[in-house]
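Please work through the following exercises with the model at hand. Each task is followed by a stepwise solution.

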Amino acid sequence: MRRRIWLITVAAALLWLPSGWAAEGDWPKSIAIATASPGGTYYVYGQALADILGKELGIEVTAQATQGTTRNIILIETGHAALGLITMGIGWEAWNGSGEWTKGQRFRAMRAILPMYDSPFQIAVAIRSNVKSFEQLGGKRIGAGPRGGTSGTYFPQIFEMLKIPAVVSYGSIEETMSQIAAQQLDGVVLATGVPVPALFKLDQEQGMDFAPFTADQIKIIRQQMPELTDSTIASGAYPSLAADYHTVGLFNFVVVNKDLPEDLVYRIVKAVFNKHAQLVKAHSAAGETIPANISRDTFLPVHPGALRYYREIGVDVPAVLAGDR
């Protein structure tokens, strides 16, 4: 059923595929950055990007709320967004037409330009639920963010993999936090940068418990999802997190449509790194948005405009990512 839904979504989007960006050498008058649900890290990060680029490029740049990575890839593929924020796990599946994507259809219009940050998988539950570990989520009402986001894609698979019958619901991150506060949900599972603003606020207001995976669960998850890597959320990242939280994670990237003008992409990348402190001020996760982390991309071609910048500052980009495919 889900694959049929995605097929319909993609087919509808392709019907509205624009004829292309402005003529070669010309910049579009405005660009949109596809982010994710309000209240989450992507949205805050994307708004900060829009603020920086709008001032530095002299064109209108807007942060667009979306359902997350899956939707962002479709928007990039169809030319309805110039920039998109994605996790590389879902990006890998879209590139190869595997996983939840329609078999045989590969999404190959996206090009990497900026490394963002690691997205640790985090499980937070209301203290009243008395949940101290991941396996105790069986039968609990758990929010997973938007259905098309990274959390909404990965966590249902993990619940099934580990045979934990949680009752999963979908919605914006802000809506999910409101439902936890109203006792309509017991907790939330998220795969995004730390701290998640709406979760941090809820933890401040009523306190939350952070239920970890066991070492054996992490081993099982990584065996079946090799795109995931070990990750740690440092103690103190949330008010109630008193010890380091060991989990798995995915790296995130800013991608663009391959037809975006080379000189524009060069200016985008240069502007972001020149204003890195402003990005970090907006969200601490952007501390990992540094040129050296372009190496965290293992499969997605780097846009020629971004490649020009990295070579200019002496950052090596693997040859396999430097050519177009």
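**Exercise 1: a helix pair**

Determine how the axes of helix 3 and helix 4 are arranged.

Step 1. In this predicted model, the axes of helix 3 (residues 69–77) and helix 4 (residues 88–96) come within 10 Å and cross at roughly 45°. Helices (H or I, at least four residues) and strands (E, at least two) are DSSP runs numbered from the N terminus; axes are lines fitted to C-alpha atoms, for helices over the stretch in contact, with angles from 0 to 180 degrees between N-to-C directions.

Step 2. Helix 3 is therefore oblique to helix 4; angles under 35 degrees count as roughly parallel, over 145 as roughly antiparallel, 65 to 115 as roughly perpendicular and the rest as oblique.

Step 3. Thr69, Thr70 and Ile73 of helix 3 meet Ile90, Gly91 and Ala94 of helix 4 (contact: heavy atoms within 4.5 Å).

**Exercise 2: confidence**

Which residues have pLDDT under 50?

Step 1. The mean pLDDT (the predictor's confidence in each residue, from 0 to 100) of the chain is 90, and 91% of the residues score at least 70.

Step 2. Residues 1–24 stay under 50, and the model has 40 contacts beyond four places in sequence for them. Where pLDDT is low, predicted coordinates should not be read in detail.

**Exercise 3: the whole chain**

State the secondary structure and the extent of the chain.

Step 1. The chain has 12 helices and 10 strands.

Step 2. Along the principal axes, its C-alpha atoms fill a box of roughly 60 × 40 × 35 Å.

**Conventions**

Residues are numbered from 1 along each chain as its sequence is written. Local features need pLDDT of at least 70, side-chain atom pairs count only at pLDDT 80 or more, totals for chains, interfaces and linings use all residues, and side-chain values use heavy atoms, without hydrogens and water.
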